[in-house]
Amino acid sequence: MGWVLFILYLCLLAYFMFFSESFGRTDTDRDYAYNLILFKEISRYFKYYNVLGFPLFMINIVGNIVAFAPFGFFLPVIWERTRHWYVTVILSFSMSLFVETMQLVGKVGSFDVDDLLLNTIGGFVGYIIFALARGVWERYSGTNRK
């Protein structure tokens, strides 16, 4: 079941990152877009929150974290080697780097180091949720699985 949910999640992630018209992913006639300065976009979204508005703030800041939380949750469910937080964080960063690079190459978004940070945080948040859920499961089911 974990594999099925993980694959469905990856399909949804691919759709929103590369094909979603509502996120402007179908316009390929644009130039390459990138941000290589850490915290540049994050600080811009906080600074101009009143101008950009709540929905855009949520999509960019919170959305990048939420988008990768399932990655950090499902990975240790389906692959025992990732049950160490640092392995999941490294794989979350790697997956985010892959997605950001493909967006740059395909001109369907922008390569943004702030997104790398937020996505990696999202993977870590997902791992924390996994660890908490596993602890609760073990406590109330009477099992201690490794």
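Select Arg30 to begin: this residue is partly exposed, with a relative accessible area of 27% (buried means under 20% relative accessible area, exposed over 50%, and partly exposed in between, with a 1.4 Å probe and protein chains only). Arg30 sits in the loop between helix 1 (2–19) and strand 1 (34–35). Helices (H or I, at least four residues) and strands (E, at least two) are DSSP runs, numbered from the N terminus. This is a predicted model, in which local features need pLDDT of at least 70 and side-chain atom pairs count only at pLDDT 80 or more, while totals for chains, interfaces and linings use all residues. Residues are numbered from 1 along each chain as its sequence is written, and side-chain values use heavy atoms, with hydrogens and water left out.

Now show the whole chain. Its secondary structure comes to six helices and two strands, in the order α-β-α-α-α-α-β-α from the N terminus. The C-alpha trace spans about 55 × 30 × 25 Å along its principal axes. Of the 146 residues, 35% are buried.

Next, select helix 4 (residues 54–78) together with helix 6 (residues 113–141). The axes of helix 4 and helix 6 come within 6 Å and cross at roughly 45°, which makes helix 4 oblique to helix 6. Axes are lines fitted to C-alpha atoms, for helices over the stretch in contact, and angles run from 0 to 180 degrees between N-to-C directions. Angles under 35 degrees count as roughly parallel, over 145 as roughly antiparallel, 65 to 115 as roughly perpendicular, and the rest as oblique.

Display the side chains between these two helices. On the helix 4 side, the residues in contact include Asn64, Phe68 and Gly72; on the helix 6 side, they include Asn119, Gly123 and Tyr127. Contact means heavy atoms within 4.5 Å. By class, this contact of helix 4 with helix 6 has 14 nonpolar, seven polar and one charged residues. Here Ala, Val, Leu, Ile, Met, Phe, Trp, Tyr, Cys and Pro count as nonpolar, Asp, Glu, Lys and Arg as charged, and the others, Gly among them, as polar.

Stay on helix 6 and pick Asn119. Is Asn119 buried or exposed? At 1% relative accessibility, Asn119 counts as buried. Leaving aside residues up to four places away in sequence, Asn119 touches Asn64, Phe68, Ser96 and Glu100.

Helix 2 and helix 6 pack at an angle of about 85°, with their axes 7 Å apart, so helix 2 is roughly perpendicular to helix 6. Lys40, Glu41 and Ile42 in helix 2 meet Asp114, Leu117 and Leu118 in helix 6. The residues of this contact divide into three nonpolar, no polar and three charged.

Two loop residues remain. Phe39 lies in the loop between strand 1 and helix 2; its phi is near 75°, a positive value in a residue other than glycine. At 46% relative accessibility, Phe39 counts as partly exposed. Finish at Lys107, in the loop between helix 5 (85–106) and strand 2 (111–112). Lys107 is not a glycine, yet has a positive phi of about 55°. Lys107 is partly exposed, with a relative accessible area of 23%.
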